[in-house]
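Take a walk through this structure, one element at a time.

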Amino acid sequence: MPSGMPPFSASAGIGLKAQHMSAILEGRPALGFLEIHAENYMGDGGAPHRWLSALAEHYPLSVHGVGLSLGSDQPLDIEHLDKLARVVERYRPRLVSEHLAWSVMDGHYLNDLLPIPYDEESLGVVASHVDQVQEHLGRTILVENPAVYVAFDSSLAEPQFLAELVGRTGCGLLLDVNNIYVSHRNVGLETAGYLDALPRGAVGEIHLAGHHVRTIGNAEIRIDDHGSPVCAEVWDLYRQAVARFGAVPALIERDSDIPPLEELLKEVETANRIRREEEARHVPAA
Amino acid sequence: MSRLRELQSRIAAMSLGRLDPETLAGDVLDDRPIPAAQRLRIYRNNTQLGLVDPLAATFPVVLQLVGEEFFLRMAGDFVRAHPPQRPELLAYGQEFPGFIGDYEAATSVPYLADVARLELAWNFAYNAPDREPLSPRALTAFALEELETLRLVPHPTLRFVASNWPVMAIWQAHQSEDGPDQAIDLDAGGDMLLVYRPRQETLIRKVGAGAFAFIMSLSARQTLAAAFTSALAGESDFNVSAELSALLAAEIFAEAIPS
Amino acid sequence: MKTVPNVHLGLLLAAAVTGAVALTASAAQAADSEKCYGVAKAGKNDCKTDAHSCAGQTKTDKDPASFVELPAGLCEKLSGGSTTPKK
């Protein structure tokens with residue numbers, strides 16, 4: 001680790017948005033880290049890199065990929081993987097993560113995070129892609145559980161699938177507790193036992209976000225739009241996650257209806273408070 | 001083809017509006033009360049809006065000019081016809097200006113495609129590699145004869161935009177959310193523009209036909225003498241001293257290559 | 001036609017260089033004194049999966065019956081011209 005790198009404090013972080021860059025650089029709020037979407041920094045030069053370089057002097061970074069399409073049953077896009085490697089090389093982030101989802105097929109990029117069936121076939125595809133990415137980057141990555149609107153006839157439950165993926169590839173997990181809740185409400189994903197089914201040391205980051213409740217007919221569906229504050233049920237899941245996995249880096253994600261920075265800092269403080277309370281209640285993990 | 005791949009092919013086609021969600025209903029668990037097809041439509045909607053969004057980010061003036069509803073329709077049609085092939089959306093929409101030009105519903109806005117071309121050029125310069133521009137001082141080392149055969153290489157961020165419409169004024173007038181604060185005369189004539197980013201800021205420079213031809217010629221790696229000839233063809237009274245002086249001061253070049 | 005075939009082009013170019021050096025002497029200082037990162041624009045890849053809260057709607061589906069007309073007063077501040085450009 002190069003000297004002079006900002007320390008990775010226990011505080012929660014936020015997803016970096018262009019509209020907050022100047023305020024963060026000027027006010028230097030206490031944030032554990034900043035997370036970027038890798039694809040937004042795959043351009044060659046210009047303002048995005050100048051801003052991020054300036055911010056990286058003060059905050060640790062997490063690089064969150066959204067376009068690698070680990071779940072596509074076709075070879076990974078090597079050019080894209082190379083570009084991800086360049087972003088990682090350039091900014092030397094503390095964390096690198098991607099999604100348990102797919103977005104590329106038949107020569108089209110769909111800019112969505114589409115779900116996969118949880119079975120042996122999918123596991124083989126995802127595991128080989130994760131292996132390839134980790135080998136290419138020369139480091140382990142975290143894989144994030146998805147928010148889904150449909151479920152498939154699957155032979156494995158989601159946490160078992162993730163645990164198996166960890167076992168086969170040595171990857172870590174990015175646990176999105178909002179996604180667990182959204183999938184629970186949308187397709188009946190079993191939350192009881194979900195956290196316990198994941199290997200304790202595997203969770204390297206937790207995502208916290210809000211979602212949108214939409215009514216179709218007489219029924220509700222929850223849309224993972226990252227456009228509102230974290231809801232009470234998700235905070236509760238976060239509390240349980242801290243109890244099981246300890247003080248792993250947590251992130252407040254807001255990708256639409258971006259509020260002023262102060263509002264996100266309040267949520268960061270809530271996350272920090274819950275973490276402290278849980279740490280006080282439990283014997284710290286050895 | 002594997003079962004997974006076949007499923008993904010079908011979902012991809014559905015997401016791009018090429019397959020009815022109803023035909024995929026059997027592929028997913030049908031959890032009432034919301035029918036499977038309705039749930040699949042969420043993905044279709046997300047995919048298409050997820051591709052319209054980056055276009056709105058690259059073409060904000062086009063969006064302001066036509067309004068959100070029209071833009072959504074036009075960009076949605078574009079997304080379905082030209083989905084991106086790669087996962088980076090920074091440069092998505094290269095065919096959008098041409099698509100707008102052919103878009104029947106937009107024919108009453110004849111300058112729209114050229115505004116889109118300008119925005120595409122701006123977007124290119126914004127993300128292009130950083131490169132220290134050529135300092136005019138570096139040219140003082142050359143003798144008169146050397147200057148004539150010198151190849152001045154334009155900055156790699158440079159893009160040319162030529163339009164029969166006053167697209168620069170239209171663009172400038174829409175740099176705030178409120179829209180133009182002064183009238184724009186569409187009869188004011190066309191623009192020849194150089195869009196580039198020598199340092200932090202992306203710049204748009206309006207030039208005459210001579211300077212436009214001059215830089216284009218230099219872009220094609222011609223010598224200053226040859227570029228001068230091209231400039232005179234475009235503008236018979238092209239004042240090379242004043243024009244080149246201004247272009248050098250505007251940091252439009254990256255490199256000087258002696259012959 | 002005012003061409004300048006007989007003037008020494010090198011002299012004209014040298015004059016351009018001299019002029020540019022003079023022009024940039026003052027401008028460079030201004031640029032240096034200003035700590036500036038350029039305009040920060042929003043990124044284009046997000047991991048949100050819907051920003052529009054219209055999921056389940058067929059908002060982007062083609063439906064000729066609800067064809068969107070351009071607003072009549074497209075932009076009141078843009079005047080003249082109508083559909084043919086002036087050269």
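Two strands count as paired if DSSP finds at least two bridges between them. The model is a predicted one. With that rule in hand, turn to chain B. Three strands there make an open sheet, in the order β2-β4-β5, and the pairing is antiparallel. Which strands lie at the edges? They are β2 (159–163) and β5 (203–206) of chain B, each of which pairs on one side only. From one strand to the next, the twist averages 25°.

Look at one of the pairings in detail. Strand β4 of chain B covers residues 191–196 and runs antiparallel to β5(B), joined to β5(B) by four bridges. Within β5(B), B:L203 is the residue opposite B:Y196. In general, the strands of a sheet pair through backbone hydrogen bonds, in a parallel or an antiparallel sense.

A helix covers part of this sheet. α6(B) lies across β2 and β4 of chain B. The angle between α6(B) and β2(B) is about 170°.

Helix α1 (residues 3–15) packs on helix α2 (residues 36–58), both of chain B, at an angle of about 65°. The two axes are 8 Å apart. Which residues make this contact? From α1(B) come B:I11, B:M14 and B:S15. They meet B:L40, B:Y43, B:R44 and B:T47 of α2(B). Four residues of this contact are nonpolar, two are polar and one is charged.

Step back to the domains. Chain B is assigned domain 1 (1–109) and domain 2 (129–259). How many Å separate their centres? Taken over C-alpha atoms, the centres of domain 1 and domain 2 of chain B are 37 Å apart.

Next comes the core. The largest nonpolar core holds 187 residues. The members that touch the most other members are A:V143, A:L173, A:V177, A:L208, A:Y238, B:V62 and B:V115. Helix α6 of chain B, residues 112–127, gives this core its largest share, 11 residues. Domain 1 and domain 2 of chain B each contribute at least three residues to the core. In soluble globular proteins, nonpolar side chains tend to be buried together.

Leaving aside residues up to four places away in sequence, A:L208 touches A:V177, A:N178, A:V230, A:V234, A:Y238, A:A250, A:L251, A:I252, A:E253 and A:A271.

β10(A) and β11(A) pair in the antiparallel sense, over five bridges. A:T215 stands opposite A:E220 of β11(A). Two residues lie between the strands of this hairpin. In the turn, A:G217 has a positive phi of about 65°.

Finish with chain C itself. Chain C has one helix and one strand. Of its 87 residues, 22% are buried.

Definitions and conventions
Residues are numbered from 1 along each chain as its sequence is written. Chains are lettered from A and ligands numbered from 1 in the order in which they are written. This is a predicted model: local features need pLDDT of at least 70, side-chain atom pairs count only at pLDDT 80 or more; totals for chains, interfaces and linings use all residues. A nonpolar core is a set of buried Ala, Val, Leu, Ile, Met, Phe, Trp, Tyr and Cys residues joined through C-beta atoms within 7 Å. A residue is buried if 20 or more other C-beta atoms lie within 10 Å of its own, exposed if 12 or fewer, and partly exposed in between; C-beta atoms are placed from the backbone. Domain bounds come from an automatic or database domain assignment. Two residues are in contact if their C-beta atoms, placed from the backbone, lie within 7 Å. Axes are lines fitted to C-alpha atoms, for helices over the stretch in contact, and angles run from 0 to 180 degrees between N-to-C directions. Ala, Val, Leu, Ile, Met, Phe, Trp, Tyr, Cys and Pro count as nonpolar, Asp, Glu, Lys and Arg as charged, and the others, Gly among them, as polar.
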